[in-house]
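Have the sequence and the 3D view ready, and follow along.

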Amino acid sequence: MNNRETILRYLSAAGVDRFVPRAALIDMDGTLYDSMPNHATAWHTLATENGIPSTREEFFLYEGATGAYTLCRLFNRAFGRDATPEEISRLYKRKTELFAMQPAVGLMPGAKKLLDFFKAAGTKRIVVTGSGQDTVISRLTTDFAGLIEATDIITARDVKKGKPDPEPYIMGMKRAGAVPSESIVIENAPLGVTAGHRSGAFTVGVTTGPVPRVELEKAGADIVYDSMEECAEMMPGLFREMAVTTRS
């Protein structure tokens, strides 16, 4: 499916005649930073320490969810119940410690180029992450100086329901002063793609880890790119097609 067909399909589903993206809502881990391998290692170590069988790879599927969501998912599978608030607080603190023990994560190749394009296009940039770990969040305004403002970061601490619920992205739209049909989501994980799709935004999936593109398509991605570098390279053309494509 080419860009025009993809845009027309979105316009029909959204019930609008034109899509002009005023807000870009961007996930953090696995999109702006190559941090998911460290997160997966930390989660797998934590699960092993607590006698919960798991694979390192499965945590790429949970990317974007809050720590409470992931812990309850593990507890229900292993023990048939949710983790208690005390367990969530204690174990997420331990997971944060395990993450901090690993080498510092680098920027995802292509991420800055994509943000530069959004800024040049006049599209408001909002980071929407399921993380609450300041080791990475605190770097955003420095690593992406002039591209991301501190007031334009939504974390797990800001929402009641994390991804795959659309609340984080709806909050991001409100922060940007945009409606769903003026918003584009950039995500690398199925839960985040589902949240973006449910929010009504045009949702772009990017395969930056072991999760295959078919899983992002099944989760509701309108279009999928094979890397953040490809996403940054193709985005200007997608925007040009959006500018001339109408349903009427």
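## The second largest cavity

By class, 4 nonpolar, 6 polar and 1 charged residues make up the lining of the second largest cavity. Here Ala, Val, Leu, Ile, Met, Phe, Trp, Tyr, Cys and Pro count as nonpolar, Asp, Glu, Lys and Arg as charged, and the others, Gly among them, as polar. The residues around this second largest cavity are Gly 64, Thr 66, Thr 129, Gly 130, Ile 154, Thr 155, Ala 156, Val 159, Gly 162, Lys 163 and Pro 168. The space in the second largest cavity comes to about 40 Å³.

What do these words mean? On a 1 Å grid over the protein atoms alone, a cavity is a set of points where a 1.4 Å probe fits but cannot get out, while a pocket is an open set with protein on both sides within 12 Å along at least five of seven lines; lining residues have an atom within 4 Å of a point. Grid points are joined across faces, edges and corners, and the volume is the space filled by probe spheres set on the points.

## Ground rules

This is a predicted model, where local features need pLDDT of at least 70 and side-chain atom pairs count only at pLDDT 80 or more, though totals for chains, interfaces and linings use all residues. Residues are numbered from 1 along each chain as its sequence is written, and side-chain values use heavy atoms, with hydrogens and water left out.

## The whole chain

The protein chain has 12 helices and 6 strands; these are DSSP runs (helices H or I, at least four residues; strands E, at least two), numbered from the N terminus. Its C-alpha trace spans about 55 × 35 × 30 Å along the principal axes. A compact globule of 248 residues would have a radius of gyration near 18 Å, and the protein chain agrees, with 18 Å. That radius is taken over C-alpha atoms, and the globule rule is 2.2 Å times the number of residues to the power 0.38.

Of the 248 residues in the protein chain, 52% are buried. Buried means under 20% relative accessible area, exposed means over 50%, and partly exposed is in between (1.4 Å probe, protein chains only). Among contacts (heavy atoms within 4.5 Å) in the protein chain with a separation of 6 or more, 67% join residues 24 or more positions apart.

## The largest cavity

How many cavities of 30 Å³ or more are there? The count comes to 2. The largest cavity holds about 170 Å³ of space and is lined by 17 residues, of which His 39, Trp 43, Glu 63, Gly 64 and Ala 65 lie nearest its centre.

Helix H2 (36–49), helix H4 and helix H5 (85–100) each give at least two residues to the lining of the largest cavity. H2 has the largest share, with 3 residues. By class, this lining has 6 nonpolar, 8 polar and 3 charged residues.

## The largest pocket

Now for an open space: the largest pocket has about 150 Å³ in it. Its lining includes Met 1, Arg 9, Glu 217 and Tyr 225. Helix H1 (3–14), helix H11 (213–218) and strand S6 (223–225) each supply at least two lining residues, and S6 gives the largest share, 3 residues. The lining of the largest pocket divides into 5 nonpolar, 1 polar and 4 charged residues.

Take a closer look at Arg 9, which lies in helix H1. Is Arg 9 buried or partly exposed? Arg 9 counts as partly exposed because its relative accessibility is 43%. Leaving out residues up to four places away in sequence, Arg 9 touches Met 1, Ala 221 and Asp 222. Arg 9 and Arg 247 are 238 residues apart in sequence, yet 9.3 Å apart in space, C-alpha to C-alpha.

## Aromatic rings

Rings of Phe, Tyr and Trp (its six-membered ring) pair if their centres lie within 6.5 Å; planes under 30 degrees apart count as stacked, over 60 as edge-to-face and the rest as tilted. That rule gives 11 aromatic pairs. In one of them, Phe 75 and Phe 79 have ring centres 5.1 Å apart and planes at 75°, so the pair is edge-to-face. Both lie in helix H4 (residues 67–79), 4 residues apart, about one turn of the helix. Phe 75 counts as buried at 5% relative accessibility, whereas Phe 79 is partly exposed at 42%.

Phe 118 and Phe 239 make a tilted pair because their ring centres are 5.9 Å apart and their planes are at 45°. Phe 118 sits in helix H6 (residues 111–120) and Phe 239 in helix H12 (residues 228–244), so the pair ties together parts 121 residues apart in sequence. Phe 118 and Phe 239 are both buried. Elsewhere, Trp 43, Phe 59, Tyr 62 and Tyr 92 form one aromatic cluster.
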